[in-house]
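Reader: I have a model open and want to learn to read it. Where do we start?

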Amino acid sequence: MKNYLGFFLDSLYRATGGETQQHDFLTRFYELFLESSPDVALHFRDVDMERQKQMLGRSLQEMTDFSTSRAANEHLRRTAFRHSRWDRDISPELYDLWLESLIATAREFDLEFNEEVELAWRVVLAPGIAYMQFKHDHR
Ligand code: HEM
């Protein structure tokens with residue numbers, strides 16, 4: 001029987017398979033995420049969004065690895081610090097908007113998206129989100 005990691009990886013592949021499709025996925029994600037709150041939009045006002053899309057593409061992979069290994073590599077530690085109160089100061093509640101925007105994007109791009117698949121996205125991404133949120137106030 002397929003587990004949630006399997007459901008998630010298959011969905012991610014269907015949604016972001018080709019390189020152009022991955023770019024479209026990330027473009028749509030940032031569209032929804034920036035629309036989700038003026039607070040989010042404010043954080044991104046000086047950010048190069050093309051570079052940002054590349055970084056997020058990579059970090060989705062990293063969030064998946066973290067979900068299975070439960071070991072934070074150097075890059076994830078740096079990413080968390082970047083979002084912490086000592087740098088960009090991303091408030092922990094904004095991660096809900098991040099996740100909901102990502103799931104809304106997956107729903108649009110993955111033609112086989114359903115409730116089981118949605119739960120898989122939530123379950124797989126939860127540990128990485130918990131890590132990032134905790135690190136907001138902890139060194
Ligand atoms: C688990 C969720 C998230 C992941 C995996 C993630 C990932 C990343 C990565 C990999 C970077 C690039 C860091 C670097 O340049 O070294 C980044 C930058 C950034 N992220 Fe996130 N992020 C997440 C959630 C959020 C949320 C909720 C916000 C809220 C607005 C946010 C706002 C930003 C901003 C403003 C930057 C800075 C870009 C810059 O300084 O050039 N992120 N994020």
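Author: One of its oxygen atoms is 3.3 Å from an N or O atom in the side chain of R51. Call that a polar contact: a pair of N or O atoms within 3.5 Å. This is a predicted model, where local features need pLDDT of at least 70, side-chain atom pairs count only at pLDDT 80 or more, and totals for chains, interfaces and linings use all residues. Residues are numbered from 1 along each chain as its sequence is written, and side-chain values use heavy atoms, with hydrogens and water left out.

Reader: How many residues surround the ligand?

Author: A residue is near a molecule if one of its heavy atoms lies within 4 Å of it. Here 18 residues surround the ligand, and the closest are F44, R82, H83, R88 and W98.

Reader: How do I read a salt bridge?

Author: Side chains of opposite charge can pair when their charged atoms come close. The cut-off: a side-chain nitrogen of Lys or Arg within 4 Å of a carboxyl oxygen of Asp or Glu. The structure holds 14 salt bridges. One of them joins R14 and D110, at 2.6 Å from N to O. This pair links distant parts of the chain, 96 residues apart: R14 is in helix α1 (residues 4–16), D110 in the loop between α6 (94–109) and α7.

Reader: And helix packing? At what angle do α4 and α7 cross?

Author: Axes are lines fitted to C-alpha atoms over the stretch in contact, and angles run from 0 to 180 degrees between N-to-C directions. Helix α4 (residues 49–69) crosses α7 (residues 115–134) at roughly 100°, their axes coming within 8 Å. Angles of 65 to 115 degrees count as roughly perpendicular, so α4 is roughly perpendicular to α7.

Reader: Which residues of α4 and α7 meet?

Author: Contact means heavy atoms within 4.5 Å. L60, M63, T64, F66 and S67 of α4 meet V124, L125, P127, G128, I129 and Y131 of α7.

Note on methods. Helix = DSSP H or I, 4+ residues; strand = E, 2+ residues; numbered from the N terminus. Parallel < 35°, antiparallel > 145°, perpendicular 65-115°, else oblique. Polar contact = N/O pair within 3.5 Å; in protein donor to acceptor, adjacent residues only side chain to side chain.
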